[in-house]
Each structure stands twice: as structure tokens, then as C-alpha cells.
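Subject: Structure handover

Hello,

Please find the structure below, with notes on what was found in it.

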Amino acid sequence: MKKTYPFAINEESAIVSHYLQNEGTRFAKTYRSVATKLLDDGEDAKQDIVAEAPGQYNLFPEIFRVPFLPQDNPKFTFIDLFAGIGGFRVAMQNLGGKCVYSSEFNPQAQKTYFANFGEVPFGDITKEETKAFIPNDFDVLCAGFPCQAFSLAGKRRGFEETRGTLFFDVAEIIRRKQPKAFFLENVKGLKIHDKGRTIETILNVLRNDLNYYVPDPEIVNAMYFGVPQHRERIYIVGFRKDLGIDEFTYPEQKEVTKHFIDIREEKTVSAKYYLSTQYIQTLINHKERHAAKGNGFGYEIIPDDGIANAIVVGGMGRERNIVIDHRLTDFTPVTRIKGEVNRDGWRRMTPREWARLQGFPDQFIIPVADASAYMQFGNSVAVPAIQATAEQVIKRILKKK
């Protein structure tokens, strides 16, 4: 009799869930030996788990009862680095891809990822023991890596000078695994970070050290791809040169089709999202102080027919996206607040509205507290913009298969 495996958020759960998600494919061998040892209770090392599809035994139903199951007959495969809550994964699965490896450092984000994909991401990608589980022969590497300054003491601005940064780990994985293509996402400011030296180094490594065809990166705004959010991010794609791909066009950005009212909660939201009268006065005072200095800082109200500001973590992230919603009738506070719930309809957007601003479908599960949810969606990629760009990448590599 097999043990019921406790899917806690840890490295062992990552190994087992990756194995079960990939069983029946060539990628399972990367995880099989360690996973079967973890699953074995000492009686029989295999006992039908390896021999047949594990889903038939209903051993781990939580893995196979998730909203976003892997593709049965994928058109391509990919890995998901700095995965967050899986924005890249939703987009790539929509295009017919199968994820064969995921990595995310934050335990709360790992929890959300598991709830939606049935897979616990591996942890710290800078560790060799984490990199060791990345399989060979996948098609596309996806990564929304953080922006970091590089040491340019030698001024060669090459691979070695990125050591100690998370980009180095992405580049090292590309060097070792040689995927057909990669798709990197970062903040708009990467383009001018460190007076342009950071992006210069990145492109030099990708083009010259790693020998990939890399068209000039482009700033892509999510609001042109079906989400009502002004969110600009830099996209960098590349293709292995032996594929013979020497052209790439980013999707056209020309039309805004959605506004806040299109993603607003259908039902009256809880009073906890409505601002207190005292806090509203604090926001007004804060904005007036900055206005007196000639600054444009402070809260902003997004009208129903408006486009949200970029949702970000910390600072004025939520206060830059206040909305007016007069549907509340019960003004009894449900959390501790100073003052009383305002009667003018001022409220923050909900985590579900932030999910929609990033293009996550409504079946996407939010298993964490609001504070973590805001952080996760604020850090995520905008799914439709990623998907539109990835579609152009996949179209080209499938032609070469």
C-alpha cells in the first residue's frame, strides 16, 4: 500500500508532482528515480506507479483536479522560470504547449501555482540541485527574470560579467539546454537601466556568447491585447541560429477594446474593499501636498470607461486604481478601520479584478489571502500580451520542426 503523499510546498513535492505530470512522456525520466524513491513505502519500489499512468490509480487526485491540466498531445514543450503564479504557463498552454519544468522561489506563489496547475514549482533556480532537474530537449524557455545591475569592471559586457545576477542563471540554462527559442519579459525600465549598459550586456550575451538570433526587444503594452490596464513591459525573444530563423515581428499594438467596466465584479463586493472616510481624507491631503510642489503623485480614480494604471506591488499600487462603485448598501465595517466606511463609493479593486486586469480567466483559483494575491497579480505577466507574442514565436519554430 502506498503512502498518501502530503503535498506540502517543498522540493520533494516539486519532484513528485513534476514526475506525475510528465509520466507517459520522455521528460518523466528526469524525475523518475528520485520520485519513485520518495513515493516508495519500502514494500515495492514501483508497484504500478511507473508501469502505468498514475492518474488511473487516483493516488493524488489534487494533481489532476485543477483548472489548467497539461496538454495531452502538445504541439511544443516549454519550461517556466521565475514562474510566479503561472501567467506564462496559461498563455503557452492556450497555444498548445506543455510545461515540463517550473521554478518559483516564493512559497505563496508556489501555493497558487500548485492550486491551478497541479504542480509544485522547484525553488531557488540559482542552486545547482535545482537546475539538475531541468530536462533536456524542450522547445522554449520562458522567464520573467528580475532586473539587476551587472558588474562591468572588465567592460567586456559578456557572459562572465553577469555572474551573481539572475540573468546569469537564465543564460546558463540556455547555454546548457540549447532550447529552440526563448521568451524573456522584464520591466520597461530595463531598456534604460544603468544608462543602457544592462540591456547591452544582455543582448551581447544572447546574440554573441550564446549564438541566438535576437531581434531588437520591444516595449509591449498590455492594454492593446484585451485587458484594460496600461502596462508596458519589455519583451526579448530569441531563436537558435541553426534553425535558420532570421526575422521576427512583434504583434501589432493598435486598439483598446476593454475598459474597467468589462472586468468589474458582477456582484456587490465586500465592505472591506471600501475605503474609510479617514483614509480618503489622508489620500486627498497627500495628493494636495504633492500638487502644491508641482508633482502628480497621489491616488487616482479609474472611471468605468477608463483604463487602469499598471498594477504594482507596494507604494500606491492599489491607490492609483481606485474605482467608484455605488452598489454597496451595508456599510458595516468587516475589518478594523479608522473612521467609517465611506458613502461615496470609493473602493479598491478586488484581487479578482486584478486577476482580470492581467488576463487570467475566472476559473483561475486564488487560494491565498488578499495581501498575497495583490502581490502575486502585481508581479505577474499580462497573459494576453504574452500569448500574442508567443504565438509568433511558436509559429516560427513549428515551421522548422
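How many of the 12 residues of helix 7 are buried? The count is 10, so helix 7 is largely enclosed by the rest of the structure. Buried means under 20% relative accessible area, exposed over 50%, and partly exposed in between (1.4 Å probe, protein chains only). Helices (H or I, at least four residues) and strands (E, at least two) are DSSP runs, numbered from the N terminus.

This is a predicted model, in which local features need pLDDT of at least 70 and side-chain atom pairs count only at pLDDT 80 or more, while totals for chains, interfaces and linings use all residues. Residues are numbered from 1 along each chain as its sequence is written, and side-chain values use heavy atoms, with hydrogens and water left out.

Helix 7 (residues 166-177)
The buried residues include Leu166, Phe167, Phe168 and Lys177. They pack against strand 1 (76-81), helix 6 (128-131), strand 3 (140-143), strand 4 (181-187), helix 8 (197-209) and strand 5 (212-213); contact means heavy atoms within 4.5 Å. At 1.5 Å a residue, helix 7 should span 16 Å, and its end C-alpha atoms are 17 Å apart, which agrees. The expected span is 1.5 Å times one less than the number of residues. Just after the helix, Gln178 has a positive phi of about 50°.

Helix pairs
The axes of helix 4 (residues 87-94) and helix 13 (residues 383-399) come within 9 Å and cross at roughly 50°. Helix 4 is therefore oblique to helix 13 (under 35 degrees is roughly parallel, over 145 roughly antiparallel, 65 to 115 roughly perpendicular, the rest oblique). Axes are lines fitted to C-alpha atoms, for helices over the stretch in contact, with angles from 0 to 180 degrees between N-to-C directions. Among the contact residues are Phe88 and Met92 of helix 4 and Ile386 and Ile394 of helix 13.

For helix 1 (residues 11-22) and helix 2 (residues 29-39), the axes come within 9 Å and cross at roughly 115°. That makes helix 1 roughly perpendicular to helix 2. The contact includes Ile15 and Tyr19 of helix 1 and Tyr31 and Leu38 of helix 2.

Ile311
Ile311 lies in the loop between strand 9 (308-309) and strand 10 (323-324). Ile311 is buried, with a relative accessible area of 0%. Not counting residues up to four places away in sequence, Ile311 touches residues including Arg231, Trp354 and Phe377.

Regards
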